[in-house]
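Please look over the sequence and the structure shown here before reading the short report that follows.

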Amino acid sequence: MIDGIINVYKEKGFTSHDVVAKLRGILKQKKIGHTGTLDPDAVGVLPVCLGKGTKLCDMLTDHNKTYEVVMRLGITTDTEDMTGTVLSESEVNCTEDEVEAVITSFVGDMEQIPPMYSALKVNGRKLYELAREGKVIERKGRPITIYEIQILEMKLPFVRMKVSCSKGTYIRSICRDIGEKLGCGACMDSLVRTRVGQFPIEESMTLEQIEKKVKEGVLEETVIGIEEVFADYPLVHTTEKTDKLVHNGNPFEKQDLLGADQENAKEAPLRVYDSKGVFIGIYQYQEQKKKFYPQKMFLS
């Protein structure tokens, strides 16, 4: 079984679940999970976790993301992108300066109303299921952060932008809200996810490329190891007498680390190895208890 992460380039027409299903067939292993959905018509980076790497799915989902989006002003749809039913069409009388001013006003923290056509659940049902039944329900705003919006090209009614944002951000809804603020409406025309955390689009592979590498026997050369994801975390080793403690996922104290590593034992998350150099997992210090407690275990 392969353990780690593959940086997949999700092609148009595939759901994130489609990618996982196809990879199970290509890799001949069941333990595979993706790190957050990407719309079927969107393309780009989809980190996929393999084997023990599936324990990373929730952590990678939390990573910041970067997109390249084309927004279409003057049109609104029920799905907030061009695949949906058109709800309204308006003339775009804004100047480029006005459009730029509104777009840049979206940088920062905000509450975003998620789209009806999304996989979020309300009372046990996904919103898109309700939407397909013609139902529109009230949705609560969710906190998101837009770190940067860079206008790459503007040929009204189209605007191409680079958006860096926090987890949980719907780019379709950003387009919707920009259109509302301009008074002409807007929707998303196309979307490319160019980065998820440390995974850039330049290093992503299509399913066809992955299958080719499997046949050539060289896939593992491109699989990102679990430890590489935590390369920025301080590295520490436990003493030999503490090995059994951490092998069972128990907390430990600062003096349970090798002397040279005690200086690295800050409050930030730690990459913990036993005395023989075997990677155990990620531990976090709890000030109240004066001990390091496991966040994620990767030994078994």
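Is F279 buried or exposed? With a relative accessibility of 10%, F279 counts as buried, where buried means under 20% relative accessible area, exposed over 50% and partly exposed in between, using a 1.4 Å probe and protein chains only.

## About the model

This is a predicted model, in which local features need pLDDT of at least 70 and side-chain atom pairs count only at pLDDT 80 or more, while totals for chains, interfaces and linings use all residues. Residues are numbered from 1 along each chain as its sequence is written, and side-chain values use heavy atoms, leaving out hydrogens and water.

## Aromatic pairs

The structure holds seven aromatic pairs; rings of Phe, Tyr and Trp (its six-membered ring) pair if their centres lie within 6.5 Å, and planes under 30 degrees apart count as stacked, over 60 as edge-to-face and the rest as tilted. The rings of F230 and Y233 are tilted, because their planes stand at 55 degrees, with the centres 5.3 Å apart. F230 is buried at 2% relative accessible area, whereas Y233 is partly exposed at 26%.

F279 and F298 form a stacked pair, 5.7 Å centre to centre and with 15 degrees between the planes. Together, F230, Y233, Y273, F279 and F298 form one aromatic cluster.

## The largest nonpolar core

The largest nonpolar core has 29 residues, and M71, M161 and I178 have the most contacts inside it; such a core is a set of buried Ala, Val, Leu, Ile, Met, Phe, Trp, Tyr and Cys residues joined through side-chain atoms within 4.5 Å.
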